[in-house]
Amino acid sequence: MKTLIHPTAVIHPQSELHPTVQVGAYAVIGANVKVGMETIIGPHVVLEGPCEIGARNQIFPGAAIGMEPQDLKFVGEPTWVKIGDNNLIREYVTINRATGAGEATVIGNNNLLMAYVHVAHNCIIEDHVIVPNSVALAGHVHIESRARLGGVLGVHQFVHIGQHAMVGGMARIDRDVPPYMLVEGNPARVRTLNLVGLKRSGMSSEDLQVLKKAFRLLYRSGLSFKEALEALEQLGDSEQLQSLRRFLLLSQMSGRRGLIPGRKKTSPHDDS
């Protein structure tokens, strides 16, 4: 089987494309780029290495992946972009390599990055994440699986967004977004649970009720951060509660941004 490459595409001899890869017109693929089976590379796409792209991805026209990071600390050290399987990367998405020798910017599996999304150096996007149009992720942002972002928003460097979280459009996200929560507004605030997303995920009604209790303890009870964490331990030891407690604790560590507060002054952020 021959590789399906348009005659106007420019393919570096030191790249490695699976025979089932399709490459559109005027695409440019540089050295040290590896592309897995059945991936489709659209017209005018630019791929630079070191870069690894898995199977069954579709990269739409104008995307630029593997460019040097937009980071003054970068001095040419070997870094990577690593992309998994079954991702949709729409028009004019930019994904930069990492800063720091041996580091990588990582995109997992089954994600949708809509047009004009920018993924900066050292970002991690896990699995089944939707990043809508014109979202800008600064360096070292980490988005956990099944999170959903709204369009035209910016995420500050080093921010973490928890699993199953929902972020409303046109917000400025400058601190961590806990798992399962819905955040929106300017300034951004935790408003409620991401109930629609959690129900669509197939979460049981029992687990939803526990998370509702956790939300009330964190954002409606007036408890301090320490008191709220202690109260969460009394709710049980479900997978969701373990994930939530772990995220909250890690958000307070050195190098992290802290938590997005709730709409009341009695949110756990305020005494952290």
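1. Aromatic pairs. The count comes to two aromatic pairs, where rings of Phe, Tyr and Trp (its six-membered ring) pair if their centres lie within 6.5 Å, and where planes under 30 degrees apart count as stacked, over 60 as edge-to-face and the rest as tilted. Tyr92 and Tyr116 form a stacked pair, with 5.4 Å from centre to centre and 15° between the planes. Tyr92 lies in the loop between strand 13 (88–89) and strand 14 (94–96), and Tyr116 in the loop between strand 16 (112–113) and strand 17 (118–119), so the pair ties together parts that are 24 residues apart in sequence. Helices (H or I, at least four residues) and strands (E, at least two) are DSSP runs, numbered from the N terminus. Tyr92 is partly exposed, at 45% relative accessible area, and Tyr116 counts as exposed at 52%; buried means under 20% relative accessible area, exposed over 50%, and partly exposed in between (1.4 Å probe, protein chains only).

2. The pair in helix 2. The rings of Phe215 and Tyr219 have centres 5.4 Å apart and planes at 35°, so this pair is tilted. Phe215 and Tyr219 are four residues apart in helix 2 (residues 205–219), a separation of about one helical turn, and both Phe215 and Tyr219 are buried.

3. Basis of the values. The model is predicted, so local features need pLDDT of at least 70 and side-chain atom pairs count only at pLDDT 80 or more, whereas totals for chains, interfaces and linings use all residues. Residues are numbered from 1 along each chain as its sequence is written, and side-chain values use heavy atoms, with hydrogens and water left out.

4. Salt bridges. The structure holds seven salt bridges, each being a side-chain nitrogen of Lys or Arg within 4 Å of a carboxyl oxygen of Asp or Glu. In one of them the side chains of Arg256 and Asp176 meet at 3.0 Å, N to O. This pair links distant parts of the chain, 80 residues apart, with Arg256 in the segment after helix 4 (239–250) and Asp176 in the loop between strand 26 and strand 27 (181–184). Asp176 is buried, with a relative accessible area of 0%.

5. Further charged pairs. Lys73 and Asp71 form a salt bridge at 3.0 Å, N to O, in which Lys73 is exposed at 56% relative accessible area while Asp71 is buried at 12%. The salt bridge of Asp237 and Arg245 has an N to O distance of 3.2 Å, with Asp237 exposed at 55% and Arg245 buried at 14%. Salt bridges that share partners also join Arg172, Asp174 and Arg175 into one network.

6. An open sheet of nine strands has the order 2-5-8-11-14-17-20-23-26, with parallel pairing; two strands pair if DSSP finds at least two bridges between them. The edge strands of this sheet are strand 2 (10–11) and strand 26 (172–173), each of which pairs on one side only. Two bridges join strand 21 (residues 142–143) to strand 24, where His142 stands opposite His160.

7. Strand 27. Two bridges join strand 25 (residues 166–167) to strand 27 in parallel, whereas four bridges join strand 27 to strand 28 (residues 189–193), which run antiparallel. Leu182 is the bridge partner of Met166 and stands opposite Thr192 in strand 28. Strand 27 and strand 28 form a hairpin with four residues between them, and Gly185 in the turn has a positive phi of about 100°.
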